[in-house]
Amino acid sequence: MTDSIDLDDFDRRIIAIVRRDNQQPARTIADQVGLSESAVLRRLRRLRSGGIIVADVSLIDPSRLAPAITIHVLVELAQSGLKVEQLFARTLESRPEVIGAWNVTGRTDFLVTVSVPSIEAYQRFADEVLASDDNIRGFETLVSLREIVRFDPLRAGDPLPIVMAPKEGHPPAR
């Protein structure tokens, strides 16, 4: 089990800011949360070393890159079990076409999202990874026609209760 780290309101406000834009300078964050720049830098180092902030990434607009087809694949394994699932998960992790994968409940065992430049490229992936694996009972391919809601980790709401600093003459927001 992962150790938890105690977060105070300053930590929560800093996290809320860097979740939306991790390129803001520490002095800007400091002004927003009411701490010194050095205190913000110390807290950011602690949040990173403690595994709260695990990566600083850029969200890319795929439509601005080379054309790609997004395909979702429902995979049903012939056998269940931790070792079999871990072996398949390692295979997925090794494939650059796989941009997301989840071990799920229900009639299927894995939901895999693949990005490829063509249907022919997907066919190669399916032959090499899915059809050649004796432990895969079957798979269903769902080709995305258009994106309705772009992946955005902030859409899910805030997993941390954030208490913002009260404005002059106003009670704290909850």
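**Entry 1: aromatic rings**

I started with Tyr 122, which is buried, its relative accessible area being 6% (buried means under 20% relative accessible area, exposed over 50%, partly exposed in between, with a 1.4 Å probe and protein chains only). Phe 125 is buried too, at 1%. A note on the source: this is a predicted model, where local features need pLDDT of at least 70 and side-chain atom pairs count only at pLDDT 80 or more, while totals for chains, interfaces and linings use all residues. Residues are numbered from 1 along each chain as its sequence is written, and side-chain values use heavy atoms, with hydrogens and water left out.

How many aromatic pairs does a search of the whole structure find? I got 2 (ring centres of Phe, Tyr and Trp, the last by its six-membered ring, within 6.5 Å; planes under 30 degrees apart are stacked, over 60 edge-to-face, the rest tilted). Phe 88 and Phe 110 have ring centres 4.9 Å apart and planes at 70 degrees, so I logged them as edge-to-face. Phe 88 sits in helix α4 and Phe 110 in strand β3, so this pair ties together parts 22 residues apart in sequence (helices are DSSP runs of H or I, at least four residues, and strands runs of E, at least two, numbered from the N terminus). Both Phe 88 and Phe 110 are buried. Tyr 122 and Phe 125 make a tilted pair, with 6.1 Å centre to centre and 35 degrees between the planes. Both lie in helix α5, 3 residues apart, about one turn of the helix.

**Entry 2: cores**

Next I checked the largest nonpolar core, which has 18 residues (buried Ala, Val, Leu, Ile, Met, Phe, Trp, Tyr and Cys joined through side-chain atoms within 4.5 Å). Val 73, Val 75, Phe 88, Val 112, Tyr 122 and Leu 130 touch the most other members. β1, α4, β3 and α5 each supply at least two residues of this core, and α5 gives the most, with 6. I also found a second, separate core of 13 residues, including Ile 15, Val 18, Val 40 and Ile 53.

**Entry 3: helix α3**

Last, I looked at α3, residues 37–49. Which of its residues are buried? They are Ala 39, Val 40, Arg 43, Leu 44 and Leu 47. The face turned away from the buried side carries exposed Arg 45 and Ser 49.

Technical notes. The expected span of a helix is 1.5 Å times one less than its number of residues.
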